[in-house]
Amino acid sequence: MSGDMQDSTEVEIFTDGACSGNPGPGGWGAILRAGGKERELFGGERETTNNRMELTAVIRALEALKRPVRARVWTDSQYVQKGISEWIRGWKARGWKTASKEPVKNADLWRELDRLAAQHEVDWRWVRGHAGHPENERADALARRGIADIRKA
């Protein structure tokens, strides 16, 4: 991110993932806002799932931060919000197994998200998707651009 986006100690991050078919082509989008400036990020993958795209959106947004910040991350995915703020402690304690002793799905992305989140002070917020929340709608549109780009590639 540009230097001036980092000058503010607080960063608002809005993320979304989308999939056309599950699994199928997927996209992710993120909006980062700090100090009155914004940055949009998006991308896609040819064969993925909705949950992987939701996780990837947050991972890419956190990767874009150049130094530790206080971040408020908004996601419409309860899987992401509950996973990172509640479930992950148990998964780690059980060696990345669920309570029913199954391997945790998407453990590669959860590990990466855990590593990145530890570098920041993150407040995880859930927002209802497709409920007219402007930034959530924009993040969704970015995720869909990611799918469109993958289809053209």
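Is Arg145 buried, exposed or partly exposed, and why?

Mentor: Keep in mind that this is a predicted model. Start with the residue you asked about. Arg145 sits in helix α5, which covers residues 134-152. Its relative accessibility is 44%, so Arg145 counts as partly exposed. The cut-offs explain this: buried means under 20%, exposed means over 50%, and partly exposed is in between.

Now look at what surrounds Arg145. Leave out residues up to four places away in sequence, and Arg145 touches Glu40 and Phe42. Trp28 is 117 residues from Arg145 along the chain, yet their C-alpha atoms are separated by 8.3 Å.

Follow Glu40 next. Glu40 belongs to β3 and is the bridge partner of Ile31. Strand β2 spans residues 24-34, and strand β3 spans residues 37-48. The two strands run antiparallel, joined by 10 bridges. Together they form a hairpin, with 2 residues between the strands. Gly35 lies in that turn and has a positive phi of about 55°.

Aromatic rings come next. The structure holds 4 aromatic pairs. Take Phe14 and Trp74. Their ring centres are 6.3 Å apart and their planes lie at 10°, so this pair is stacked. Phe14 is in strand β1 (residues 10-19), while Trp74 is in strand β4 (residues 70-75), so the pair ties together parts that are 60 residues apart in sequence. Both Phe14 and Trp74 are buried.

Compare that with Trp91 and Trp110. Here the ring centres are 5.1 Å apart and the planes are at 65°, so the pair is edge-to-face. Trp91 lies in helix α3 (residues 78-93) and Trp110 in helix α4 (residues 107-117), so the pair ties together parts that are 19 residues apart in sequence. Trp91 has a relative accessible area of 9%, so it is buried. Trp110 is at 0% relative accessibility, so it counts as buried. Ring pairs also link these two with Tyr79 and Trp87 into a cluster.

Stay with α3 for a moment. Gln81 is found in this helix. Its relative accessible area is 16%, and that makes Gln81 buried. Which residues does Gln81 touch, once those up to four places away in sequence are set aside? They are Thr75, Trp124, Arg125 and Trp126. Gln81 and Trp126 are 45 residues apart in sequence, but 6.2 Å apart in space, C-alpha to C-alpha.

Finish with α4. Its buried residues are Ala107, Leu109, Trp110, Leu113, Leu116 and Ala117. They pack against α2 (50-63), α3 and β5 (121-126). Look closely at the α2 side. The axes of α2 and α4 come within 10 Å and cross at roughly 30°. That makes α2 roughly parallel to α4, because angles under 35 degrees count that way. The crossing is left-handed. From α2, the residues that meet α4 include Leu55, Ile59 and Leu62. From α4, those that meet α2 include Leu109, Leu113 and Leu116.

Definitions and conventions. Residues numbered from 1 in each chain as written. Predicted model: local features only at pLDDT ≥ 70, side-chain atom pairs only at ≥ 80, totals over all residues. Heavy atoms only, no water. Pairing = 2+ DSSP bridges. Helix = DSSP H or I, 4+ residues; strand = E, 2+ residues; numbered from the N terminus. Phe/Tyr/Trp six-rings, centres within 6.5 Å; stacked < 30°, edge-to-face > 60°. Buried < 20%, exposed > 50% of the residue type's maximum accessible area, 1.4 Å probe, protein only. Contact = heavy atoms within 4.5 Å. Axes fitted to C-alpha atoms, helices over the stretch in contact; angles between N-to-C directions. Parallel < 35°, antiparallel > 145°, perpendicular 65-115°, else oblique. Left-handed = near helix turned anticlockwise from the far one by under 90°.
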